[in-house]
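Here is a short briefing for a first look. Please view the sequence and the structure, then read on.

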Amino acid sequence: MSDYEYVAGGRLKLKGDAGIKKKKKKNKDKEKIIEKVNKGLEQEKCKEYHVPPTKAELAFMKQQEKLQKERILKIASTTHKKRVEEFNRHLDSLTEHFDIPKVSWTK
């Protein structure tokens, strides 16, 4: 016979456990404080100041726009046939280690 054979089953009954649950009181002051804090955060977000870009930033943005327009015009000016031919020329210049089958524009 082992020591564990004479153990009582079921849940433990605690002294004050009569099934009565206490109601929690709501603290209205805490809710008001939370609302005030939230309003303060919203007001701080509204107070963020706009800093105008510097001369260097403006020049950089203008240059970026100019380069982007040039790239778009370059891509738009070439036809699909020309792009395929340029790609095939590029593939011809590579070594056999990187060999990819040529793309045919006629099928």
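Residues are numbered from 1 along each chain as its sequence is written, and side-chain values use heavy atoms, without hydrogens and water.

**Fold**
- The chain has 3 helices and 0 strands (DSSP runs, H or I of at least four residues for helices, E of at least two for strands, numbered from the N terminus).
- Along the sequence the pattern reads α-α-α.
- Helix 2 has 23 residues and spans 33 Å from first C-alpha to last, close to the 33 Å expected (1.5 Å times one less than its number of residues).

**Confidence**
- The mean pLDDT (the predictor's confidence in each residue, from 0 to 100) of the chain is 78, and 75% of the residues score at least 70.
- Where pLDDT is low, the predicted coordinates should not be read in detail.

- Of the 107 residues, 3% count as buried (under 20% relative accessible area; exposed is over 50%, partly exposed in between, with a 1.4 Å probe and protein chains only).
- Helix 2 is hardly covered, with 0 buried residues among its 23.

**Around leucine 41**
- Leucine 41 lies in helix 1.
- Leucine 41 is partly exposed, at 43% relative accessible area.

Notes
This is a predicted model: local features need pLDDT of at least 70, side-chain atom pairs count only at pLDDT 80 or more; totals for chains, interfaces and linings use all residues.
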